[in-house]
Amino acid sequence: AQGRQPETSNPSLRILSPQANDSFQLDPLIPDSDEGIIFKAQASPDTATIDWYVNGQKVGTGKAPEFRIEWKPSVGKWIVEARAGEERDTRTIEIVR
């Protein structure tokens, strides 16, 4: 018996920014509360919104076409995830000082 491939093996939902294993350095001249990292994604044309999660915590909802949100970073390793219905895409990023 041949196993069925999960539908997420070729997802239409894709994180455009940040890229996998991106590393961001906080700017010492900018207060941490003013720092921001832009999350962007692409999805199928019938997708109106996607939810963004960081380490499993919902951090915002982005609207089509770019599904853009700004996330307030803090130092550490983070798993960024975009979700639309059953579709998921993830990136691991690191924030350093």
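This is a predicted model: local features need pLDDT of at least 70, side-chain atom pairs count only at pLDDT 80 or more; totals for chains, interfaces and linings use all residues.
Entry 1, contacts. I looked up sequence separation first: residues 24 or more positions apart account for 59% of the contacts in the chain with a separation of 6 or more, where contact means heavy atoms within 4.5 Å.

Residues are numbered from 1 along each chain as its sequence is written, and side-chain values use heavy atoms, with hydrogens and water left out.

I find zero helices and eight strands; helices (H or I, at least four residues) and strands (E, at least two) are DSSP runs, numbered from the N terminus.

Of the 97 residues, 30% count as buried (under 20% relative accessible area; exposed is over 50%, partly exposed in between; 1.4 Å probe, protein chains only).

I count three aromatic pairs (ring centres of Phe, Tyr or Trp, the last by its six-membered ring, within 6.5 Å; planes under 30 degrees apart are stacked, over 60 edge-to-face, the rest tilted). Phe39 and Trp52 form a tilted pair, at 5.2 Å centre to centre and 45° between the planes. Phe39 lies in strand 3 (residues 37–42) and Trp52 in strand 4 (residues 49–54), so the pair ties together parts 13 residues apart in sequence.

I place Asp89 in strand 8 (residues 87–96), where Asp89 counts as buried at 14% relative accessibility. Its side chain joins that of Arg91 through a polar contact of 3.2 Å (a pair of N or O atoms within 3.5 Å; within protein, one must be able to donate a hydrogen and the other to accept it, and residues adjacent in sequence count only if both atoms are side-chain atoms).

Most residues other than glycine have a negative phi, and most peptide bonds are trans. I looked for exceptions. A cis peptide bond joins Ser17 and Pro18, with omega about 5°. Another cis bond joins Ala64 and Pro65, with omega about 5°. Phe67 has a positive phi near 55° and is buried at 2% relative accessibility.
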